[in-house]
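Let me write down what I look up as I go.

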Amino acid sequence: MKTEELEDYWKSQDCIKPRKQELKEVYKTNNFNKRNKRTKPIKNILERRNELKEKYTNAEKKFNEIFTNTIKNVNLYSQFPIIWHTGYNAIKNKNFYLTYYVDFIDIDNKYIFEIDGGYHEEEKQKKKDDKRDKVLKEMGYKVIRYTNDEILCNPNEIKKKLINIYINH
């Protein structure tokens, strides 16, 4: 992707993009750190987002339906990439980034809704989720988690929780 195409993408998606100087660094090198498997070129980020959107779970579909029917006039984005600048290595003269894909995000109100499957109950995954939540909170977001069972079995309870969140905002 060319620089202009990426800029157009960020504008059209109303995305949270890295600071302008960081983007220039990314454009110059056209890649991140090849040795760090957790970082990816921007075009791969967009491809991954599209993959995730195609593989919606039943709980994610149901949550999206509940949200759009309950909360009006709020833009909810799904499988949204949030790029986080993790640091700069002066020796290698490179910036390092992590990309977190959140299930649903309300950018205007700074809410992130995560829909957790059964594997989120495992200790290893809980630690990853906690670390990720901490980073997202540092960025100013409030992370709200629901389990698949909560959404599929108690949609009315989810509606009440959403109404309560947006009324008390």
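This is a predicted model: local features need pLDDT of at least 70, side-chain atom pairs count only at pLDDT 80 or more; totals for chains, interfaces and linings use all residues.

**Entry 1**

Four of them form an open sheet, ordered β1-β2-β3-β4, and the pairing is mixed. I then asked which strands stand at the edges. They are β1 and β4, each with a single partner strand, so one side of each has no neighbour in the sheet. From one strand to the next, the twist averages 40°.

Next I looked at how β3 and β4 pair. They run in the parallel sense, joined over six bridges. On that pairing I noted F113, which stands opposite I144 in β4. A reminder to myself: strands of a sheet pair through backbone hydrogen bonds, either parallel or antiparallel.

**Entry 2: helices on the sheet**

I turned to α4, which packs on the sheet and touches β1, β2, β3 and β4. Its direction makes about 145° with that of β3. I also looked up α5, residues 123-138. Helix α5 lies across β1, β2, β3 and β4 and runs at about 95° to β2.

**Entry 3: a closer look at α4**

Helix α4 covers residues 58-70, 13 residues in total. From first C-alpha to last I read 18 Å, close to the 18 Å expected at 1.5 Å a residue.

Which residues of α4 are buried? I listed A59, E60, F63, I66, F67 and T70. Seen down the axis of α4, these buried residues fall within an arc of 125°, so they line one face of the helix. The face turned away from that buried side carries N58 and N69, which are exposed.

I wanted to know what covers the buried residues of α4. The cover includes the strands β1 (77-89), β2 (94-106), β3 (111-116) and β4 (142-147). Helices α6 (148-153) and α7 (155-167) are also part of it.

**Entry 4: the cores**

In soluble globular proteins, nonpolar side chains tend to be buried together. With that in mind I looked up the largest nonpolar core here, and it has 17 residues. Those with the most contacts inside it are F63, F67, F113, Y146 and L162. Each of α4, β3, β4 and α7 supplies at least two residues of this core.

Leaving aside residues up to four places away in sequence, F67 touches V74, L76, F113, L162 and Y166.

Last, I noted a second, separate core of 13 residues. Among its members are F80, V102, L136 and V143.

Methods. Residues are numbered from 1 along each chain as its sequence is written. Side-chain values use heavy atoms; hydrogens and water are left out. Helices (H or I, at least four residues) and strands (E, at least two) are DSSP runs, numbered from the N terminus. The expected span of a helix is 1.5 Å times one less than its number of residues. Buried means under 20% relative accessible area, exposed over 50%, partly exposed in between (1.4 Å probe, protein chains only). The arc is that of the directions from the helix axis to the C-beta atoms. Contact means heavy atoms within 4.5 Å. Two strands pair if DSSP finds at least two bridges between them. Axes are lines fitted to C-alpha atoms, for helices over the stretch in contact, and angles run from 0 to 180 degrees between N-to-C directions. A nonpolar core is a set of buried Ala, Val, Leu, Ile, Met, Phe, Trp, Tyr and Cys residues joined through side-chain atoms within 4.5 Å.
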